[in-house]
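Have the sequence and the model open side by side.

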Amino acid sequence: MTVTTTARQRPTATGPVRKGGPGPPRRRVLDRVPARLRRVGLPYLLLLPALALELLIHLVPMAVGIAMAFKVLTPRYIRDWTTAPWAGWDNFRVSVDISAPVGEALLHSFLVTCAFTTLAVGLSWLLGTAAAILMQDRFRGRGLLRAAFLVPYALPVYAAVITWSFMFQRDTGLVNHVLNDQLGLVDTPPFWLIGDNSFTALVVVSVWRSWPFAFLVLMAGLQNIPRELYEAAAVDGAGIWQQIRRITLPSLRPVNQVLVLVLFLWTFNDFNTPYVLFGKSAPEAADLISIHIYQSSFVTWNFGAGAAMSVLLLLFLLVVTALYLLATSYRRKKSADV
């Protein structure tokens, strides 16, 4: 018996082609892109939504703020700031003229912010490092204690700082109750939210909020240090301080480089803590530059000068960040060469 196969029924690589049936599958558009281009371009394609949001939320307002710094922007033009008169560099000249009241006040605020940032970042790093090292050893209740250390970082900033503002009240606050009534360390209850003590109160609240973040980052960094190094050092007779100096701190150097930079940027720009603690008008001793710019913009209604101060602050942070990254990169390269 002879079977005749027509062209319509001739088998192919994908099976017999039937009348009205589906043809060979089409290649997807992504398959037509070269593999190397897919491998290189896919990460950027995935980052595109985040970059668009970053442009919308941060870069566009930043560009508007820079443009406002060159305007004579008063409440008269606040509805349509583009029609405000052009000021040129006048707002910047007034801000940096330390012989004038505006420039002198800005310089004082800048120095207060530098001192505050140095103390807050240094104490936060020190407490975070000590707590992270102590939490490496296993003991009963370690997990509960770790969770308790992270409570200040997990609390909403407004709830936490408002609680501290009640604690710092002169007559009814818990701080004065402990210092004066319980411990007898002071003769009269001091004022914490006004006067020179306001700087101490601000540093205490900032450290209380920041050190759990340092603790969390450093505790994660300590997990990458092999325990065999400590065991070998203990066999060689190295004490706890020698182990921290020779093993822990050098191993945590890459983590500390990023941690210190992040803490510096967060603390130097901190607006929520002093605003909630002191209100719109901070004491002179705690006049951080973020509050000072706010007062220059929304209290004296000179938005052009406030925008110019913000631009100067941005330039300062960019310069400090660039120098810090260059210094750490040079030190890392020098260590690798050695």
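Which helix do the buried residues of helix 7 pack against? They pack against helix 6 (157-167). The model is predicted, so local features need pLDDT of at least 70 and side-chain atom pairs count only at pLDDT 80 or more, while totals for chains, interfaces and linings use all residues. Residues are numbered from 1 along each chain as its sequence is written, and side-chain values use heavy atoms, with hydrogens and water left out.

Helices here are DSSP runs (H or I, at least four residues), numbered from the N terminus. In helix 7 (residues 174-182), Val175, Asn176 and Asn180 are buried, meaning under 20% relative accessible area with a 1.4 Å probe, protein chains only. These residues lie on the same side of helix 7, because they cover an arc of only 90° around the axis, taken from the directions from the helix axis to the C-beta atoms. Asp181 and Gln182, on the face turned away from the buried side, are exposed (over 50%).

Finally, Trp301 sits in the loop between helix 13 (289-298) and helix 14 (303-337). Its phi is positive, near 60°. Most residues other than glycine have a negative phi. Trp301 counts as partly exposed because its relative accessibility is 46%, between the 20% and 50% limits.

Methods:
Helix = DSSP H or I, 4+ residues; strand = E, 2+ residues; numbered from the N terminus. Contact = heavy atoms within 4.5 Å.
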